[in-house]
Amino acid sequence: MPQIDDYVHPFAEVALSNITREYPFASHHLARSLADVVPAVEKHPAFANSYDWHSSVHMHYLLAFLLETEEAQGAGWRERAIEVLSSHLSEDNMIAEAAFLRENPSWERPYGWAWAVELNRVLNASDVPALRALGTHTQVLAETVFDLAAAWLPKVAEPVRHGVHSNTAFGLRRILIGAREAERHDVVDAIAGATRRFFAEDTAWNFRQERSGHDFLSPGLCEADLMAEVLAEDELATWLPEFLSELSPESPALTPVKVLDPTDGQQSHLYGLGLSVAASVMRLSPRLEAIAENTGNDDLMAQAKGMFTRVESLMAPGLEAAVSDEYVSSHWLATFAWEAVQTSPGK
């Protein structure tokens, strides 16, 4: 299993390089008039870097997270990282970024929203005074996301189940965790209600055919991850084994996909797929084991343990690509790689 200490410095270098790199940048904006065609930094004074807005947000999150580690103490990049974060995440910049979200309420929904909440969460929990102070700045961004999510969810007829940014479950799980910590009970209730409405009746997910050639998420495992946050233990003990009943160690969903063209930005998503699947498996396997132990279900126990044996092979390609020279991979993969390493037992 990967050792967490080995990744702090290389991932910090990748993150710092990304959030200080302005181009190439993909704006993904709707231009309502010629007045909207301006340099990205005019709209996004904090996050006009790291290829696109959501990648910039989660690379800021990653760098802040890495600064919490023991390995970051006394590191040569530490002061520079704090300086850049402090500059980018200023109060004025966060007010401007939050205003853009309010003015464009469907933009970066829900993936970018989720990372904005995660960024605020890690800053608020930081043991580094300078970073914790930045959490007071990013609070306006998180609160904007909470407000937008609460207004949006009652109008959503069906969840998005694709394995890319628009996936509903992936974003809602992160927003939910942040809302709990922020004591935004209205948002917690809205997400819990929508989650049950979307997913409570799902069973026997087809893990054999869910994967497509540009996925970086498993729709099935994202759903299971979210339901594990929402359902009570007795409910989860029924729902989770039934939902995962078609998942075995031999399932294609637990097999890494070989990336044939690392320069293809869509195909390189598959590196992230291995990492995100591995992280989900490491969260869900212990839940399955606990259910198996409580119910005396030996087959379920074997399934849970077998799933876990696939983790290392799923992670390996993405860990390597996260620090490669290929920018279509390195502008985002380190965040997913770090989260997978963080989720590893004995981290």
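A salt bridge is counted here when a side-chain nitrogen of Lys or Arg lies within 4 Å of a carboxyl oxygen of Asp or Glu. The exercises below apply to a predicted model.

**Exercise 1. Which residues are linked with R121 in a network of salt bridges, and which parts of the chain does the pair E181 and R121 link?**

Step 1. By the rule above, the count comes to 15 salt bridges.

Step 2. One of them joins the side chains of E181 and R121, with N to O at 3.3 Å. That value lies within the 4 Å cut-off.

Step 3. E181 belongs to helix 8 (residues 168-181) and R121 to helix 6 (residues 111-124). The two residues are 60 residues apart, and the pair links distant parts of the chain.

Step 4. The network of salt bridges consists of E118, R121, R174, E181 and E339.

Step 5. R121 has a relative accessible area of 25% and is partly exposed, because that class lies between the buried limit of under 20% and the exposed limit of over 50%.

**Exercise 2. Find the salt-bridge partners of R184 and state whether R184 is buried or exposed.**

Step 1. E143 forms a salt bridge with R184, and their closest N and O atoms are 2.5 Å apart.

Step 2. D147 is in helix 7, and the separation from R184, in the loop, is 37 residues.

Step 3. The relative accessible area of R184 is 14%, so R184 is buried. E143, at 23%, counts as partly exposed, and D147, at 44%, also counts as partly exposed.

**Exercise 3. Describe the lining of the largest pocket: which residues lie nearest its centre, and which helix gives the most?**

Step 1. The space in the largest pocket is about 410 Å³.

Step 2. Its lining has 18 residues, and those nearest the centre are Y61, F65, R121, E339 and Q342. Of these, R121 and E339 also belong to the salt-bridge network of Exercise 1.

Step 3. At least two lining residues come from each of helix 3 (53-66), helix 6, helix 8 and helix 16 (333-343). Helix 8 gives the most, with four residues.

Step 4. By type, the lining has five nonpolar, three polar and ten charged residues.

**Exercise 4. Which residues of helix 1 are buried, and what covers them?**

Step 1. Helix 1 (residues 8-19) has twelve residues. From first C-alpha to last, helix 1 reaches 16 Å, close to the 16 Å expected at 1.5 Å a residue.

Step 2. The buried residues of helix 1 are V8, F11, A12, V14, A15, L16, N18 and I19.

Step 3. An α-helix has 3.6 residues a turn, so residues three or four places apart point the same way.

Step 4. The cover over the buried residues of helix 1 includes helix 3, helix 4 (78-88), helix 14 (311-321), helix 15 (327-330) and helix 16.

Note on methods: Residues are numbered from 1 along each chain as its sequence is written. This is a predicted model: local features need pLDDT of at least 70, side-chain atom pairs count only at pLDDT 80 or more; totals for chains, interfaces and linings use all residues. Side-chain values use heavy atoms; hydrogens and water are left out. Buried means under 20% relative accessible area, exposed over 50%, partly exposed in between (1.4 Å probe, protein chains only). On a 1 Å grid over the protein atoms alone, a cavity is a set of points where a 1.4 Å probe fits but cannot get out, and a pocket is an open set with protein on both sides within 12 Å along at least five of seven lines; lining residues have an atom within 4 Å of a point. Grid points are joined across faces, edges and corners, and a volume is the space filled by probe spheres set on the points. Ala, Val, Leu, Ile, Met, Phe, Trp, Tyr, Cys and Pro count as nonpolar, Asp, Glu, Lys and Arg as charged, and the others, Gly among them, as polar. The expected span of a helix is 1.5 Å times one less than its number of residues. Contact means heavy atoms within 4.5 Å.
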